[in-house]
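Please keep the sequence and the 3D view side by side while reading.

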Amino acid sequence: MKNFLLLSMLLLAVHGRGPGGGARPMPSTGAGAGAPAGGSCQNPSCSSPPCAAPLLGDVGCTTVSGTETYAHELLPAGSTINSGAHIFGPFEAGFSSQQDNIIQTWGCSTPSVVYDSEGGTDISIAEKKVAYACNIEFPRLEGGTYYGVVGPCGGHTNDYHFHRSLSCLYSQAGGHSTKVGETASHSLYGKWEDYDLQRLPLLDACGAHIGPTPESSTPVYHYHVQDQAPFTVGCHGPSQSGGLVSVALCRSLYSDCDDDGGSGTTITTKTGNVQYDRFCPCFDASGSNMGTNIQELPALSSSEIYYSIDAGATTAATTTVNTDATSLTTTPATTTPATTTSTDLTTTASSNDGSCSQSCSFFDRMLRRCHPCPPASQPGANRPPRGTRGGRREGRR
Ligand SMILES: [Zn+2]
Ligand SMILES: [Zn+2]
């Protein structure tokens, strides 16, 4: 128990520092056998959308419970994650010597190689950076234990908070995924627009779209979990007119977006260097969160609210919108498989970094970590001058 609490405290320290971060209260002592939900989850309000979402802290709260499938850190497999848990955005606050023990448990013998005093990298790019710097496979499943910045359900620490996935809160079955949480005044659902038909939602920069849900036959603005950053919520929509939120509109909500004079941060991964803008949660169709050459998300230019990831297996004509946001292709009612790399989950995987050369492993597929390859990121020039960071607050815990 002592080690459990110590590790939890260290993990909490991941969020307890970083730009704009303040002192955090010590975690409550929870039951060791489970992952007690934070009773203090504070769902933010957004009375006049669109609004920026907190960059560190609660962007929403879960409304259902789930069970962790594999052991992670010191949480045993089968741990219950109670309803009312924190939902965070994609970012971690950085790594320092305070996290040495955790970093070593990942299999990284020299923790200092992943120190990051600035923070503001999303979970996926942070894991890619660790994998490269420590020369390990990360995340990975090893002997029933999951090694990753977050666990297989997408969250971590004793005062459990989700950053992504939430996969243990809904079943991979049926039509539209069930509701898993609330973010501001809207609902968050699992990743599927229709699991049986293998349809994923086309989402705006906030991570939402307008369509029917299990709770509403009338189309409503609602969020879906997604495999790419921002994973949960990029901002609180909808637009002022009640529509979808563009990448540019999302970025206008955050002083951290393109505040770096145009260069961003170079993050090295096993598949190459990635230009990245810390603490900017607005990702375009290419997976880039920076620059003026925005590849607008396909949701903004399509009347479709979903795309099919399994066009080759469909029995009826389906419309598929590639994630490169520009091409709308119709697949006839035949057995001709879709050939675009952007929809081929069996051969490619990518994250928010625009790199797409690594293969999608069985483990990736099992965890539904594979997603369409975006086109190469093309960072633009002529960015606005460096601004003042602001609008970030440490979330209540
Ligand atoms: Zn976290
Ligand atoms: Zn939906």
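Predicted model: local features only at pLDDT ≥ 70, side-chain atom pairs only at ≥ 80, totals over all residues.

Residues are numbered from 1 along each chain as its sequence is written, and chains are lettered from A and ligands numbered from 1 in the order in which they are written.

Strands of a sheet pair through backbone hydrogen bonds, either parallel or antiparallel. Here, eight strands form an open sheet with mixed pairing, in the order E8-E9-E5-E1-E10-E11-E14-E13. Strand E8 (155–156) and strand E13 (208–213) each have a single partner strand, so one side of each has no neighbour in the sheet. Helices (H or I, at least four residues) and strands (E, at least two) are DSSP runs, numbered from the N terminus; two strands pair if DSSP finds at least two bridges between them. Within this sheet, E10 (residues 179–183) and E11 (residues 186–189) are antiparallel partners with four bridges. Gly181 has Leu188 in E11 as its bridge partner.

Most residues other than glycine have a negative phi, and most peptide bonds are trans. The bond between Phe138 and Pro139 is cis, with omega about 0°; Pro139 lies in the loop between helix H3 (123–134) and strand E6 (140–142). Gly237 and Pro238 are also joined by a cis peptide bond, with omega about 0°, and Pro238 sits in the loop from strand E14 (216–224) to helix H4 (247–252).

Ser165, not a glycine, has a positive phi of about 70°. Its loop runs between strand E9 (161–162) and E10. Is Ser165 buried or exposed? Ser165 counts as buried because it has 24 C-beta neighbours inside 10 Å; the cut-off is 20 or more other C-beta atoms within 10 Å of its own, with 12 or fewer for exposed, partly exposed in between, and C-beta atoms placed from the backbone. Gln198 also has a positive phi, about 55°, and belongs to the loop between E11 and strand E12 (199–201). With 18 such neighbours inside 10 Å, Gln198 is partly exposed.

In soluble globular proteins, nonpolar side chains tend to be buried together. Leaving aside residues up to four places away in sequence, Val130 touches Trp106, Cys108, Val114 and Phe138, where contact means C-beta atoms, placed from the backbone, within 7 Å.

Key: Contact = placed C-beta atoms within 7 Å.
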